[in-house]
Structures are given as C-alpha cells and as structure tokens.
Amino acid sequence: MRVKVRTEHIEQPMKLIAKLLSHSKTIIITTHLNPDGDAIGSACGMMLALRNIGKKVRVINVSQTPKNLQFLPGANTIEVYDAATHDDDIKKADMLMCLDFNTPKRVQAMEHIVRATNATKVMIDHHTNPEDFYSAALHDVDATSTGELIYKFIVSFYPHALDKDVAANLYAALMTDSGNFRFPRVNPETHNIVADLLQAGANPVEIYEQIFNTSSMQRLHLLGMALAGMELHFNGKLCVMTLTNTMFQQTQCSEDDTEGFVHNTLSVDGVLCGLMIVEKHDTNEIKFSFRSKADIPANLMAGHFGGGGHVNAAGARVHNGNLQELKQQAIEIAGKYVQ
Ligand SMILES: [Mn+2]
C-alpha cells in the first residue's frame, strides 16, 4: 500500500514530464559537480526506475562518484563525462534529465553540451533561483531533496517501477539531504515517504553504515584538526572552520573527505551560522560552505561569492583567491546577517 503524499502542487509539471517521457526512448541523466548523496541517489534511482519501464538510460556525470556512494545500486554503471566519448550521444539523446541542480553552470565541463543538446531538457531540483534552460521542470524549494520529488513522480506515474534498488537510492537521497531527517523541511510526509521506501526494501542500517561509517582514520584526523581550529565570531553567533592545504597534505586527504564536516559548526551552543572554508591548492580554489539556522539566509551569503543553494545550506567557489583575505570577507558578510 502506498502512503499518502502531497502532490497537488506539482501535478502539472509531473504530467508534462510523464508526457515527454512517453515520447522518449533514450534518456541521459546527469547531476552536479562533486555529487552528494541526493545527487547520486536521485540519478541512480531515476535511472533504474526508467529502466524498469523499458527506457534506455545512462547516467553521465562531470565528477567521479564519491567512494562512500559507490555501493548504491546502479552507481557502478555511472560514466564520467568525456567530451570526445559523450558529446555526440548527449546531443542525439531524446531526453536529458538534469537532477539536483538548476543551472548548467553547475556541471562545468558539461555546461556547453547541456546548453547545446537537441534533447528535451527536464530539470528536477529543489534549489533556489533556477535558470530557465529547460523544456519542463519539476521544481520545489520546499522539498527535502531531489530524491523526494523523484519519489513523488515515480509513485504517481509508474508505481510498479519502485523496486528495492530504486528505493535504496531514494532513501539515500532523502537521508543525506535532510541531515539524517533532522533539517527544518523534514515533516510527517518525509517520514511517510521513508516508510514506503523501507516497505519497498530499502535497508536503513546498511545505507547509513555505507555512507557514514566508512571513514578512513586519516579523515578523522583531518576532522580533528578542523574541530581544534574552529573560531567563534560576533558573540558566538558565527562559527568558522578552516581547512588549509597544509592539513590536506599532513593527512593525505582530499576535498571529498570534508563532506559533512560543516555540520559541526552549528553544533556549538548559541551558534546561528556556520562557515567552512576549504583551501584547494591543486585547483587553486577557495570553497565556502555556509550553514544557518531559522531564516538566516545562507544562500545570500554564498551569493556574494557567485554561489547559491538553500536558505539554510549554500556554497560557493572562488578561483585564484587568497585564503586569509577571502575568509575575512566571508566573516564580514556573514556578520551582516547574524548580528
Ligand atoms: Mn539536493
């Protein structure tokens, strides 16, 4: 039995996408740079569900799949984008599905082909400020995750396509993007969806174990350094965590290893806003991750650096910047919103 979920507000876009799908045989799915659990879970969940209804589907991503997400069903078939191999196929596909991002800029090396392809472009996403580059969009900023929107779409139109493997992917998407079901947008409906995913065969113990309890010792050493160096500003309302290139060298970790670190900034009593700054010498980038409580707009803070995201979680990357200068700027910007 399917539990009841609210779909009235997205009925029209879902119908349009289902109609476009009925005319599409070859479908390519892609998701954003440095994919997280929602990105990979959504991409693989959609891929497997569409294969279950007889479509020819491939996932082509601009980034490698992080190690802790490679166990997800279907993830071993994800192709990493290469212009010479893939541009022609993307151009000729019937449909290109863009999941968990809402501007082609988020796929960097693939941006040109996402814009140029003749394929019908479908966007499914829950971030703010979408760019109008698609033929159809399922967009809801109140959704916990893109996986939640995909769940609603699949059970509305192809309920038999929701098998154990699809459920595992969508569960991973919802779990990771809702901070293990504790972020503000989590509501009874979220848990109704989860109940249905568990009923369909998703294994919550295994999925949590694989995603969160498979750290290397080096990663925990890196976290230790990051925690030891956290600073408070503005009477304890802003907490800043900094990861320098030296720390990465000392622990032999990479940026992937910092996934989830930023949440620690918000765990300090009295902190309303958290900021993680990552220095990356290999790509000459400074990465900002803003997190906030209540209605403090992390997305506007990230916007100052050309980034974006959600009200409570957002990010930005700046090329060729100086760590100390950018850090100072970010602290000042955050200060305008938390004071
Ligand atoms: Mn997401």
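User: What makes a helix crossing left-handed or right-handed?

Analyst: A crossing is left-handed if the near helix is turned anticlockwise from the far one by less than a right angle, and right-handed if clockwise. This is a predicted model. In it, H6 and H8 cross in the right-handed sense.

User: At what angle do H6 and H8 pack?

Analyst: Helix H6 (residues 164-177) and helix H8 (residues 204-212) pack at about 60°. Their axes lie 10 Å apart. Angles from 65 to 115 degrees count as roughly perpendicular, and those under 35 as roughly parallel. H6 is therefore oblique to H8.

User: Which residues of H6 and H8 meet?

Analyst: H6 brings Ala168, Tyr171, Ala172, Met175 and Thr176. H8 answers with Pro204, Ile207 and Ile211. Seven of the contact residues are nonpolar, one is polar and none is charged.

User: Now H2 and H5. How do their axes cross?

Analyst: Helix H2 (residues 37-52) and helix H5 (residues 146-157) cross at roughly 15°. Their axes come within 8 Å. Because of that angle, H2 is roughly parallel to H5. The crossing of H2 and H5 is left-handed.

User: What makes the contact between H2 and H5?

Analyst: On H2, look at Asp38, Gly41, Ser42, Gly45, Met46 and Ala49. On H5, look at Thr146, Gly147, Ile150 and Ile154. The contact of H2 with H5 has four nonpolar residues, five polar and one charged.

User: How many bridges join E4 to E5?

Analyst: Five bridges join strand E4 (residues 95-99) to strand E5 (residues 120-125). The two strands run parallel.

User: Last, the domains. Which residues does each one span?

Analyst: The domain assignment gives domain 1 (8-212) and domain 2 (217-338). Their centres, over C-alpha atoms, are 27 Å apart. Eight residues from domain 1 and eight from domain 2 form the contact. The side of domain 1 that touches domain 2 has three nonpolar residues, four polar and one charged.

Terms used
Residues are numbered from 1 along each chain as its sequence is written. This is a predicted model: local features need pLDDT of at least 70, side-chain atom pairs count only at pLDDT 80 or more; totals for chains, interfaces and linings use all residues. Axes are lines fitted to C-alpha atoms, for helices over the stretch in contact, and angles run from 0 to 180 degrees between N-to-C directions. Helices (H or I, at least four residues) and strands (E, at least two) are DSSP runs, numbered from the N terminus. Angles under 35 degrees count as roughly parallel, over 145 as roughly antiparallel, 65 to 115 as roughly perpendicular and the rest as oblique. Two residues are in contact if their C-beta atoms, placed from the backbone, lie within 7 Å. Ala, Val, Leu, Ile, Met, Phe, Trp, Tyr, Cys and Pro count as nonpolar, Asp, Glu, Lys and Arg as charged, and the others, Gly among them, as polar. Domain bounds come from an automatic or database domain assignment. Two strands pair if DSSP finds at least two bridges between them.
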